[in-house]
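Grab a pencil and have the sequence and the 3D view handy.

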Amino acid sequence: MRKIFLLGVITFTCFLALAQNTVIDTLPVSKDSTVKIIPQKDAIDILYSIFKKDASKRTDSTHIKPGRIYFSGAVSPTYSLQTGFAAEFAGNFAFYLGEPANTKISSILADFAYTQYSQLILPLESSIWSKNNVYNFIGDWRFLTYPQDTYGIGSETKLSDGYTVSYNYIRFYQFVLRKIKNNLYGGLGVQYDNHFNIFEELPADTITDFKKYGFSTSSISAGIGLSLVYNTVNNMINPEGGSTYVNITLRQNFSWMGSDENWNSAIIDFRKYISVGSKKNVIALWSYDWLTTGHPPYLDLPSIGWDTYSNTGRGYVQSR
């Protein structure tokens, strides 16, 4: 989930990070000149000094080894319109399953948050690349206890239309993609959405869009997804300019898999990273198109903030 950091990372209870050692060295520039590297300290160096540890033993980012796990994590206060104030711990595990020269970096992002509105949020997102990028395993697993505002159906709803719907939610999406050619991948996956203990925090006789659409105290969508991906991004954690990502996913939900109804969806995810002066200075453009046919459950209808990383548009709260 993407949230607005109010104070940034104020306190670290657990923070191990991949970083360059702080050493003094010289690099030859020409026969007659050298450039001195000035030693720098970050938060981890300061923690090492407080606990009287040897900072020179930290991981050197210039010597990344396949199979080694690099972990970073932080505790921070956060705020967003859908959660209010929240205490959050987020951790990221990054590693290579092959040589970095020919294998993309794998990552597993885990999060734990408890919010002002009594929401419990436990997502786990993963993108794991096999040696030589032959396979890409993509996962989106999450559990939520989630009172949240809903605004009704359509793009003309107003903030004043919002009211609270509470539910528990289990999501399990898992895809296996195989290289077809160069940066083109295709594969299949399982997609499962289970909303239960659903109730509207309104007087029982209030007529809402949810009731008009078909209110139920639980809903299940279970289906098979077909995904086609074109990906020139070497590092999804920190994309460089000039790279492109396109993902087209077609989903068919089947009653024989446990889905309440048979219905279909299509998602087109397009991202373009444009260099500005250098590959490290990037303007990112993103288009996310979510289409459905049939009769999806109300809480599975397209709405902002429910992609894998819970991105929202500026000025729009989740579930508009």
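Predicted model: local features only at pLDDT ≥ 70, side-chain atom pairs only at ≥ 80, totals over all residues.

**Exercise 1.** Find out how strand 10 and strand 11 pair, and what joins them.

*Solution.* Start with the ranges: strand 10 covers residues 163–181 and strand 11 covers residues 184–200. Next, look at their direction: they pair in the antiparallel sense, over 15 bridges. For one spot to check, Val176 stands opposite Leu188 in strand 11. Finally, go to the turn: two residues sit between the strands of this hairpin, and Asn182 there has a positive phi of about 50°.

**Exercise 2.** Work out what strand 11 does with strand 12.

*Solution.* These two also run antiparallel, with twelve bridges between them.

**Exercise 3.** Which element gives the largest share of the nonpolar patch?

*Solution.* First, locate the patch: about 870 Å² of surface, with Ile180, Leu188 and Trp256 among its residues. Then see which elements give two or more residues: strand 12 (219–231) and strand 13 (244–253). The largest share, three residues, belongs to strand 12.

**Exercise 4.** Which residues do ring pairs link into a cluster?

*Solution.* Look for Tyr146, Tyr167, Tyr169 and Trp306, which ring pairs join into a cluster. The count of aromatic pairs comes to 13.

How values were computed:
Residues numbered from 1 in each chain as written. Heavy atoms only, no water. Patch = residues over 30% accessible without salt bridge, like charges linked within 9 Å, V, L, I, M, F, W, Y side chains within 5 Å. Areas by Shrake-Rupley, 256 points an atom, 1.4 Å probe, with all protein chains shown as cover. Salt bridge = Lys/Arg side-chain N within 4 Å of Asp/Glu carboxyl O. Helix = DSSP H or I, 4+ residues; strand = E, 2+ residues; numbered from the N terminus. Phe/Tyr/Trp six-rings, centres within 6.5 Å; stacked < 30°, edge-to-face > 60°. Pairing = 2+ DSSP bridges.
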